[in-house]
Amino acid sequence: MAINTFLNSHQVFNVQNFEQAFPRSQTDRNLLSRAVRSSRVERVRRGLYVSRSGRFEGVRANPLDIAAGAADDAVFCYLSAFQLHGIAHNIAAVTLFYTRHRIAPFHFDGQSYEPVFIGEHPTDTLDVLTATGQAYRATTKEQTLIDCLVRPSLAGGPENMLRALSGVAYLDINKTLSLAHGLNHSARARLGWVLEAKRDPWHVGDEVIEALAASIGAGPSYFSTLISPRDAHWVSRWRLYLPFPEEEMLAWLNA
């Protein structure tokens, strides 16, 4: 039966994939509904499915494939970009991806999926080839750095973010500064602190540090919005409150 062949070759599929394989076939749609009822197929969310048939029985679907099935324009970002670039400190049970579609967050098989609406905002991306030979679209390391400094909470917190960044051997500083154009004072202060800490391995020129230091406003700024001045650690050069002692945070970043 054709639908059995389809379910044995498509672990993750959406309704569009199914319609392409079985155009205008009410019989096959009925067979799909029957497969869902018999647990040979599991519905992830409306219009998105995971096959549990044949060679996929008992095999966990790749969360990246599920996110790509939910959004045809998915670009993996924040924690998920760290993972694809091979620098993630912790593998979290959350998959984050940019999309221009309005998609609500959802959960499946112990994993949370967090679509981040990107609108028409330009994003620097590339295709990352994984060990399985599958390529996924992700933000570049430079874009991921900027994004995580703007929204540290989506980077898994300061320690997770800095330990991930410690795995970045090379960063295109000119591209980073171009992507940083238009950042608010707080994000520029965070960027300046990070680039100064990594000035030697990332070959950051003195003129870059000085220009950023001159552009951060009167302050104060906060590395994390979850801290108060009473519990924070002040860095006067960047007019920046850190959530942990600077020495400790520098050790994470330069691990």
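Which residues does S186 touch, not counting residues up to four places away in sequence? The answer is S221 and Y222, where contact means heavy atoms within 4.5 Å.

Before going on, a word on what you're looking at: this is a predicted model, where local features need pLDDT of at least 70, side-chain atom pairs count only at pLDDT 80 or more, and totals for chains, interfaces and linings use all residues. Residues are numbered from 1 along each chain as its sequence is written, and side-chain values use heavy atoms, with hydrogens and water left out.

Back to S186. You'll find S186 in helix α9 (residues 185-197); helices (H or I, at least four residues) and strands (E, at least two) are DSSP runs, numbered from the N terminus. With a relative accessible area of 18%, S186 is buried (buried means under 20% relative accessible area, with a 1.4 Å probe and protein chains only). Its side chain also reaches the backbone oxygen of Y222 at 3.5 Å.

| α10 (residues 206-213) | V208, I209, L212 and A213 | 130° |

The arc is that of the directions from the helix axis to the C-beta atoms. In α10 an arc of only 130° puts them on the same side. Here's the background: an α-helix has 3.6 residues a turn, so residues three or four places apart point the same way.

Methods: Buried means under 20% relative accessible area, exposed over 50%, partly exposed in between (1.4 Å probe, protein chains only). A polar contact is a pair of N or O atoms within 3.5 Å; within protein, one must be able to donate a hydrogen and the other to accept it, and residues adjacent in sequence count only if both atoms are side-chain atoms.
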